[in-house]
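Hi everyone, thanks for coming. Let me put the structure up, and then I'll walk you through a few parts of it.

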Amino acid sequence: MEDMFRLADDLGPAKIVHISSCQVGLRAVVAVDNTACGPAIGGVRMAPDVSAEEACRLARAMTLKNAAAGLPHGGGKSVIFADPKMAALEKEKLVRAFAIAIADLMEYIPGPDMGTDELAMGWVYDEIGRAVGLPRELGGIPLDELGATGFGLAAAVDVAAKAIKLDLQGARISVQGFGAVGKHAARLLAQRGCVLVAASDSSGTVHSTSGLDVGALIALKEAGKSVIDLPNANKGTINDIIGLPCDIWIPAARPDVLNKDNEWRLKTKIVAEGANIPCTLEAEMALEARGVLILPDFVVNAGGVICAATEYHGGSETTAFAAIDEKIRRNTTLLIEKSRRERVSTREAAVEIATERIWNAQRVRRWR
Ligand code: NAD
């Protein structure tokens with residue numbers, strides 16, 4: 001509990017709810033960080049090794065992400081302590097029990113995250129009528145299938161490239177983590193003339209200075225294979241992608257993949273953060289000192305949550321993608337301008353923009 005207080009500040013967390021039900025073996029924590037902008041939206045993560053502290057940190061990231069995106073939503077996150085690979089019936093029982101336990105926590109709207117998916121959100125919705133990231137049949141917009149986050153990332157890269165006078169025609173991109181986010185970002189940037197020179201997944205890296213076939217890589221991943229199964233390409237280890245020269249480096253895999261021990265190997269002009277917290281603050285600072293333009297995660301990977309919020313408010317796929325494009329382009333422009341004008345890092349600029357929106361919203365809220 002002491003740890004939880006250590007994490008608290010003026011913004012939150014507003015509420016931390018511990019859930020335990022021995023009948024179904026459910027142990028979970030919900031962190032509602034801040035609701036100044038509206039009810040908190042945030043994913044339900046299922047893993048055996050998550051913690052309440054992780055829930056609080058992730059909930060704060062959602063507060064900033066939702067505020068930066070100008071959504072009428074605060075930030076929250078929940079974690080269920082369990083193995084997501086358990087038998088389907090057992091998982092359904094656990095998720096339904098979790099849903100019932102949060103039925104009265106009206107300020108929290110759950111969504112999918114690591115270990116949960118559209119089907120799980122369908123179960124939650126069935127129990128309490130409140131969830132985002134639903135199956136299409138329940139009015140959901142399948143954001144990973146459509147590539148909502150990759151679409152937003154590509155829009156941010158477009159703005160950033162113009163800001164540093166980098167022509168996207170022929171610009172070299174590297175994508176670490178060729179999954180739902182990475183593959184769509186690669187596809188959309190290739191359509192704008194970029195050349196994919198390296199791609200990786202948990203099995204390794206493929207690279208080619210003359211360019212990889214994006215369509216063939218997507219087909220491989222959709223067939224359940226790895227990028228390293230691509231014929232006629234150079235192969236390397238998962239870490240090789242860090243040292244291969246490119247113009248735009250897109251981390252779309254795991255947290256902290258760039259840190260003080262390896263950031264010096266990166267040879268790029270832009271880092272577009274598709275994953276959440278892919279770079280340590282130290283690494284971001286070192287890269288910025290070398291002139292690399294960092295596009296902070298919670299601004300440029302907000303496509304998924306913008307899509308989820310649009311779904312929640314009854315909007316269509318078309319409305320969602322128009323909102324992603326408009327919001328991410330505007331925010332990327334704002335944060336680059338602010339960081340240049342005030343000589344602060346792009347992350348500091350982005351945090352200030354988001355925090356100011358939260359305080360402005362707080363002013364019109366009734367004290368309870
Ligand atoms: P995903 O599971 O579809 O894809 C992740 C890919 O990364 C997989 O291909 C996996 O093999 C690969 N990978 C795992 N560890 C790796 C490593 N060490 N090096 C290289 N590749 C590795 O996941 P996703 O939905 O694409 O999400 C990717 C990241 O982006 C996650 O951190 C997620 O939290 C974050 N994110 C996702 C969304 C979204 O809309 N899906 C939105 C915001 C942030």
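Predicted model: local features only at pLDDT ≥ 70, side-chain atom pairs only at ≥ 80, totals over all residues.

**Around the ligand**

Residues are numbered from 1 along each chain as its sequence is written, and side-chain values use heavy atoms, with hydrogens and water left out.

Which residues come nearest to the ligand? Of the 22 around it, they are Asp144, Thr149, Ala180, Val181 and Ala253; a residue is in that group if one of its heavy atoms lies within 4 Å of the ligand. Look at the backbone: a N or O atom of Ala180 sits 3.0 Å from a ligand oxygen. For Val181, a polar backbone atom is 2.8 Å from an oxygen of the ligand, and for Ala253 a backbone N or O atom is 2.9 Å from one. Taken alone, the ligand exposes 830 Å², and the protein buries 73% of that (Shrake-Rupley areas, 1.4 Å probe).

**Salt bridges**

Now, how many salt bridges does the structure hold? There are 29, each being a side-chain nitrogen of Lys or Arg within 4 Å of a carboxyl oxygen of Asp or Glu.

Take Asp158 and Arg329, whose closest N and O atoms are 3.0 Å apart. This pair links distant parts of the chain, with Asp158 in helix H6 (residues 148-163) and Arg329 in helix H12, 171 residues apart. Helices here are DSSP runs of H or I, at least four residues, and strands are runs of E, at least two, numbered from the N terminus.

Are these two buried or exposed? Asp158 is buried, at 13% relative accessible area, while Arg329 is partly exposed, at 23%. Buried means under 20%, exposed over 50%, and partly exposed in between (1.4 Å probe, protein chains only).

Another pair is Glu273 and Arg347, also a salt bridge, with 3.0 Å between the closest N and O atoms. Glu273 lies in the loop between strand S11 (270-272) and helix H9 (281-289), and Arg347 in helix H13 (residues 346-363), so the pair ties together parts 74 residues apart in sequence. Glu273 is buried, at 0%, and Arg347 counts as buried at 15%.

Definitions and conventions:
Polar contact = N/O pair within 3.5 Å; in protein donor to acceptor, adjacent residues only side chain to side chain.
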